[in-house]
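Here is my note on the model you sent. Please read it with the structure open.

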Amino acid sequence: MVLYKLEDFEPNYRDAFEGQDIKGLGVYTQGSDEKIGSVTDVLVDEEGHFRYLVVDLGFWIFGKKVLLPIGRARIDYNVDRVYTIGLTREQAESLPEFNERQTLDYDYEERVRGVYRQPTDYTPPVEASTPVDALAPLDTPTSTPTPTPTYARDDYTYERDPSLFGLNEQENQTLRLYEERLIASKRRQKTGEVSIGKHVETDTARIAIPIEKERVVIERVTPVDAGTAVSGREADFREGEVARIEIHEETPDVRKEAFLREEVRVRKVVDQETVETQETVRREELDVNSGNLPIEER
């Protein structure tokens with residue numbers, strides 16, 4: 001099981017304790033004002049449950065840090081103290097030293113838990129609000145001895161050690177107060193559609209084409225030697241067709257040809273805007289009717 005330092009697991013953990021910090025609290029023995037050290041850190045499991053307090057035993061054993069299971073500690077913020085449940089100096093001397101550079105594995109935790117499991121030092125977990133003076137002395141019989149359970153690496157859970165990690169909730173009731181919150185989500189819906197088509201428009205186009213037409217022009221002129229006698233052989237008198245000339249003209253030949261005029265691109269763009277909405281939400285508050293009895297809220 002992996003353990004994390006509280007601040008590494010939840011950097012804003014102080015918000016959950018209304019600004020109070022468990023680090024730095026003095027650690028005192030059960031039923032006395034003897035200070036044995038101070039809390040330097042808290043170790044939590046993967047679900048954020050408190051498992052151990054890291055205690056610097058500078059007032060008892062100089063320079064030694066040990067782990068205190070959360071079930072063997074009672075935190076009293078009224079006096080900024082942590083009271084140990086059933087921790088003796090002999091136990092503290094037997095506990096393996098906690099080194100932040102070492103990996104906390106099952107074997108190390110078993111060594112720690114083995115010290116606290118000693119039957120002569122066992123004290124059942126107590127309610128956090130129980131006065132320190134009302135705690136039973138260590139030598140007071142609290143239960144009938146039971147067979148020592150066995151533990152295995154593969155199936156061990158912290159719940160198997162309720163005396164070390166459990167809290168006594170027999171006289172404690174937990175009330176859960178609920179409230180409603182607005183949860184924003186988005187739903188995509190069709191608001192319409194755009195249909196794009198084509199149609200054909202007609203127009204009259206004009207084009208100028210130059211063409212050529214042939215025609216015959218007959219000119220009659222008087223030759224320079226008009227009136228000069230010619231020989232009979234030169235004078236060739238004939239009848240009928242004496243010349244043929246072909247006449248041509250151009251006619252316009254117009255045809256239509258399609259050309260690409262322009263390109264139209266159709267696409268969608270998404271515009272973003274923020275809309276506000278409001279709803280009535282409900283919240284449960286605690287009503288305490290104590291009559292004339294004093295009530296302390298924490």
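The points below go from the overall fold to salt bridges and surface patches.

1. **Overall make-up.** This is a predicted model. The protein chain has five helices and seven strands. From the N terminus on, the order of elements is β-α-α-β-β-β-β-β-β-α-α-α. The chain counts 298 residues, of which 24% are buried.

2. **Contact range.** Take the contacts in the protein chain between residues at least 6 apart in sequence. Of these, 63% join residues at least 24 apart.

3. **Helix α4.** Is this helix enclosed or open? Helix α4 covers residues 106-116, and it is largely enclosed by the rest of the structure because eight of its 11 residues are buried. The buried set is Tyr106, Tyr108, Glu109, Glu110, Val112, Arg113, Val115 and Tyr116. These buried residues pack against β4 (50-56), β5 (65-69), α3 (89-94) and α5.

4. What are they linked to? Glu109, Glu110 and Arg113 belong to a network of salt bridges that also takes in Arg117 and Asp161. Side chains of opposite charge can pair when their charged atoms come close.

5. **Salt bridges at Glu100.** The whole structure holds 16 salt bridges. One of them pairs Lys5 with Glu100, with the closest N and O atoms 3.2 Å apart. Lys5 is in strand β1 (residues 4-5) and Glu100 is in the loop between α3 and α4, so this pair ties together parts 95 residues apart in sequence. Glu100 also forms a salt bridge with Lys65, where the closest N and O atoms are 3.8 Å apart. Lys65 lies in strand β5, so that pair ties the loop between α3 and α4 to a part 35 residues away in sequence.

6. **Exposure of that trio.** Lys5 is partly exposed, at 26% relative accessible area. Glu100 is partly exposed as well, at 44%. Lys65 counts as partly exposed at 25%.

7. **A pair within α3.** Arg89 and Glu93 form a salt bridge, with the closest N and O atoms 3.6 Å apart. They sit four residues apart in helix α3, so about one helical turn separates them. An α-helix has 3.6 residues a turn, so residues three or four places apart point the same way. Arg89 is partly exposed at 36% relative accessibility. Glu93 is partly exposed too, with a relative accessible area of 47%.

8. **Glu34.** Glu34 lies in the loop between β2 (26-28) and β3 (35-44). At 40% relative accessibility, Glu34 counts as partly exposed. Leaving aside residues up to four places away in sequence, Glu34 touches Val27, Tyr28, Thr29 and Trp60. Tyr83 is 49 residues from Glu34 in sequence, yet their C-alpha atoms are 9.9 Å apart.

9. **Negative patch.** Which residues gather in a patch of negative charge on the surface? They are Glu212, Glu214, Glu246 and Glu250. Glu246 is in the segment after α5 (162-165). Glu246 counts as exposed because its relative accessibility is 60%, and the cut-off for exposed is over 50%.

10. **Nonpolar patch.** Val194, Ile196, Val264 and Val266 form a nonpolar surface patch, with about 450 Å² of accessible area together. Val264 is found in the segment after α5. Val264 counts as exposed, at 63% relative accessibility.

Note on methods:
Residues are numbered from 1 along each chain as its sequence is written. This is a predicted model: local features need pLDDT of at least 70, side-chain atom pairs count only at pLDDT 80 or more; totals for chains, interfaces and linings use all residues. Side-chain values use heavy atoms; hydrogens and water are left out. Patches are made of residues with over 30% relative accessible area and no salt bridge: like charges are joined within 9 Å, nonpolar side chains (Val, Leu, Ile, Met, Phe, Trp, Tyr) within 5 Å. Accessible areas come from the Shrake-Rupley method with a 1.4 Å probe; for residues, only the protein chains shown count as cover. A salt bridge is a side-chain nitrogen of Lys or Arg within 4 Å of a carboxyl oxygen of Asp or Glu. Lys and Arg count as positive and Asp and Glu as negative; His and the chain ends are not counted. The place of a charge is taken as NZ of Lys, CZ of Arg, CG of Asp or CD of Glu. Helices (H or I, at least four residues) and strands (E, at least two) are DSSP runs, numbered from the N terminus. Buried means under 20% relative accessible area, exposed over 50%, partly exposed in between (1.4 Å probe, protein chains only). Contact means heavy atoms within 4.5 Å.
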